[in-house]
Amino acid sequence: MSTVTRRLLKELQDIQRELSEEIVSLEPIDEDDILQWRAVLRGPKDTAYENGLFELYIDIPEQYPIHPPTLTFVTPVCHPNVHFESGEICLDILKTQWSPAWTLKSTCLAIHVLLANPEPSSPLNCDAANLLRCGDSIGYNSLVALYTQMYSM
Amino acid sequence: MEDLGSDSGVQSQPDKGKGTADDEDGATQDYGDTYDFDDDDEFFGMDDSGFEPVVSSRDQRKPWEVEYHVHDAHGLHDKQEAMINRLVPVLSVSKDITTILLRNSQWKEESLVERYLSDPDKTIRDAGMFPNAPAPELKTGNEDFTCEICYCDGPEEVYLGLGCGHAFCTDCYVTYLTGKVLEGMSWRIRCPGAKCKALVGEQAARLLLANEPKILERYEDNLTRSFVNDLDSFTWCPAPNCEYGIECHVPKSAWATIVPTVHCRCGKAFCFGCNMDDHMPAPCFLVEKWLQKCKDDSETSNWLKANTKECTKCKATIEKNGGCNHMTCRKCAHEFCWVCMGPWTEHQQAYYQCNRYNEDSSKNARDSISKSRALLERYLHYYSRFSNHERSAKLARRLLTTTETNMEQMQRNSSMSWIEVQFLSAAVDMLSACRATLKWSYVLAYYMESDNQKLIFENNQSDLEMATETLNELVENPVHERTIEEAKRLIIDKTQYVKTRWETLLRDTAQGLQENRWKFQD
Ligand SMILES: [Zn+2]
Ligand SMILES: [Zn+2]
Ligand SMILES: [Zn+2]
Ligand SMILES: [Zn+2]
Ligand SMILES: [Zn+2]
Ligand SMILES: [Zn+2]
C-alpha cells in the first residue's frame, strides 16, 4: 500500500470515528478513487453564512501529505478570499505554510475559520473585499447573506 | 600553511600579479582615516582557525587596488566552519545551536553575542531552537510512537523528534527534507508539525540524509549559498557558471570614494559593490546615475551607436571596423579623428583637444541656442567617447586574431626565425584594460565640475587616450614598413609606456576620490 493510500485510509477511519459539528460530511467521492474527496461545511454561527451548507471538492496529489491537497468551493461563495466563479481559495496553509501534519479534517476546519474571518488584504473577490476594506460591514453582510440564501440553502 | 582555496587579491590587470615594484612615488593609500579594514579582525584576522590573516599586504597594493579573497566551494565551507567554531566557546552552547544563531542573525557576530548575553534562552527560542534539548538522534522501540504524517506506529518504527516534541518516522522525514532541499532550502527548513516554528537543525538534517548522498550534497551547497548571500562581505562571481565566491571587506560606506574592483580566478574583473564589470575610475554611484541617464536618453544614444559616419571632407560614408580612431577616407584619403571628426594631424601634437569638452563654447552657445540644447551637446560629447571606447574594446579582441595571422604569414614568407607572439596578446590585454578605464573616465569627467583639478584629470586622461590610440594603431598594422623585430620592439615599448600612463590615471583618480579633490554635479 502506498504512503498516500495508507495515510488517507487512516484519516478516513479517524473521521468515521468522530466528525466535528462544523463539518457535515467528509469522504471520498467514489470508493475506487481515494484521491478525490468531497466535503460539506456548515456556515459558521453568528455570521451571514449561518444556515448555509457549502460543498468543497478536494483533489489530493500522489505526494500527499508532503504536498498539500487542492480544495475548491463547489457551492458559489461570496467571500474576499474565494474566487466567485472558480471556487479557488486563497489560504496560506494550502500553499506556502502547508505542513504534512495537517489532515483533510484540520484543513476543512481551517477553511471554516476563514469563512468567519476573511483576510481582505489578499482578495480573490474584489467586490467583497472592497466592501470590507471601506468598513462597510452592513453592506458586506447583506451581500453575503443574499448569496448564501441564493446558492447554499 | 595551506591557503584553503583562497587567492590573495593583490594583483593588477593585465600585469597578472607579477609583483613588479614600479610604484613610482611609492604612495600607498592610508585607508585608516576613511574606514578600517581591521574592523572585523575578531572575525577574520585572528588566527586560531588556521587561516592566514587577510590583512597582510597593504604595502604591496597599488592605490587603486583593494584587498579581497577568492574562495572555491571548499574554501567557503571552511570559512563558515571557522566562524562557527570560533563562536561555540563564546556562547558555550552546542555547535548546532551556535550555527543556527549565526545564520539567523546574518552572521553579525557582535550583535548576536550582545543579544545572547542579555537573554540566552529567548535568543535560542526566537531562532527556532531549544535550549538544553538533547542532541537529535534516531530512536526506535517506542510503543507509543505514531508518525503524524503516514500514521505508521509501533516499537519497530525508527523516528526522530525535535525539541518541540513533534516526531516523525525517518521515511517521512527524508521525503519531506528532500522536497525542501530541492526547492533550494537549507537551514530554514522547519519541523513538519502544523504551524511549528522549530528548525530542523543541521545535525538532524545530516543524520536523516546520511543515506541520501546526492541530497545531502545539495543541502550543503544550499547552506554555502545562503552563507554567501547573507554576508555583506561576500558575493558570488557574476560570470555565468562561475562557482567562486569573493570576500571583500571594503564597507558600503566607502564605495563612494573607492572602486572595489575584484578579479575572480575565472578571469572576470567586476565591481564588488555593484557586481558590474570593472568600472574604474568611476565610483558606483556615478556609474548607476550614468547608466540610468543613458537609459532615459536611449534615443540619442541609439543614434550615436550607429557605426557609420560621413567623411568630413567628401561626405562619403565610412564604416569603422577597427578599434583605432585614426580614420582615412577611402575615397579622398582625408585623415581625421572618428570621435571629434577633427583632422588627424592635430591629434599627433601635444595640443590635443579630443577628450576635452570646450566649456567656453558651450557657454557662448547659450546665447544663440537654448540651454537644454547645450546640455544635450555636453552629454553627447561624453557619451560618444564613452561608447566609442566600449566599441573599440570589443573590436580589439577580434583584432588580436587577425594580427597574429598576419604576423605568422609574414614570418613564413620572409623565412625568418620564429618569434613568439605573446607580446601581441599582452598589448591587446593592455588595450582592453585602457579602453575600459577610458570609457568610465568619461563618466567621471561628465559629472565633474569644471575647475583646475578637472583640468589635471583631463590631462592624464588625454595622455592615456593618445598613448592608447597609438598602440592600437600599431597593433592593427604592426609590420607596416618595418621588420618583424622592429615591430615587436616597438609594440613592447609602447605597451610599457601605455601601462605607465594607465597606472598614473588610476593612481591619480583613486587618490583624488579619497581626498574629495573633485566636486560632482547632477
Ligand atoms: Zn511517517
Ligand atoms: Zn515541531
Ligand atoms: Zn568567476
Ligand atoms: Zn560598482
Ligand atoms: Zn573623404
Ligand atoms: Zn579627435
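This is a predicted model: local features need pLDDT of at least 70, side-chain atom pairs count only at pLDDT 80 or more; totals for chains, interfaces and linings use all residues.

1. Lys45(A) counts as exposed because its relative accessibility is 59%, where exposed means over 50% relative accessible area, buried under 20% and partly exposed in between (1.4 Å probe, protein chains only).

2. Residues are numbered from 1 along each chain as its sequence is written, chains are lettered from A and ligands numbered from 1 in the order in which they are written, and side-chain values use heavy atoms, with hydrogens and water left out.

3. Chain A has four helices and four strands, these being DSSP runs numbered from the N terminus (helices H or I, at least four residues; strands E, at least two). Along the sequence their order is α-β-β-β-β-α-α-α. Of the 153 residues in chain A, 43% are buried, and among its contacts (heavy atoms within 4.5 Å) with a separation of 6 or more, 53% are between residues 24 or more positions apart.

4. How many residues does each chain bring to the contact between chain B and chain A? Chain B supplies 15 residues and chain A supplies 14. The area buried between them is about 1,200 Å², with 62% coming from carbon and sulfur atoms; buried area is the accessible area (1.4 Å probe) that two parts lose on being put together, summed over both. In chain B, Ile149(B), Cys150(B) and Tyr151(B) lose the most area to chain A, together 44% of what that side buries.

5. Between chain B and chain A the count of salt bridges is zero, whereas five residue pairs are in polar contact across this interface, both residues being at pLDDT 80 or more. A polar contact is a pair of N or O atoms within 3.5 Å; within protein, one must be able to donate a hydrogen and the other to accept it, and residues adjacent in sequence count only if both atoms are side-chain atoms. Helix H6 (residues 170-182) of chain B gives the most to the side of chain B that touches chain A, with three residues.

6. Glu11(A), in helix H1 of chain A, deserves a look as a charged residue (Asp, Glu, Lys and Arg being counted as charged), because its relative accessible area of 2% makes Glu11(A) buried. Its side chain is joined to that of Arg7(A) by a polar contact of 2.8 Å. Beyond neighbours within four places in sequence, Glu11(A) is in contact with Tyr64(A), Thr103(A), Leu104(A), Lys105(A) and Tyr151(B).

7. Over all chains the structure holds 21 salt bridges. One of them joins Arg61(B) to Glu67(B), with the closest N and O atoms 2.5 Å apart, and both of these residues are buried. Another joins Glu469(B) to Arg435(B) at 3.1 Å between the closest N and O atoms; Glu469(B) lies in helix H15 (residues 452-476) and Arg435(B) in helix H14 (residues 422-447) of chain B, 34 residues apart.

8. Most residues other than glycine have a negative phi, and most peptide bonds are trans. Here a cis peptide bond, with omega about 5°, joins Tyr64(A) and Pro65(A), and another, also with omega about 5°, joins Met280(B) and Pro281(B). Asn241(B) has a positive phi near 65° and is exposed, with a relative accessible area of 76%. Asn275(B) also has a positive phi near 65°, but counts as partly exposed, at 33% relative accessibility.

Conventions. A salt bridge is a side-chain nitrogen of Lys or Arg within 4 Å of a carboxyl oxygen of Asp or Glu.
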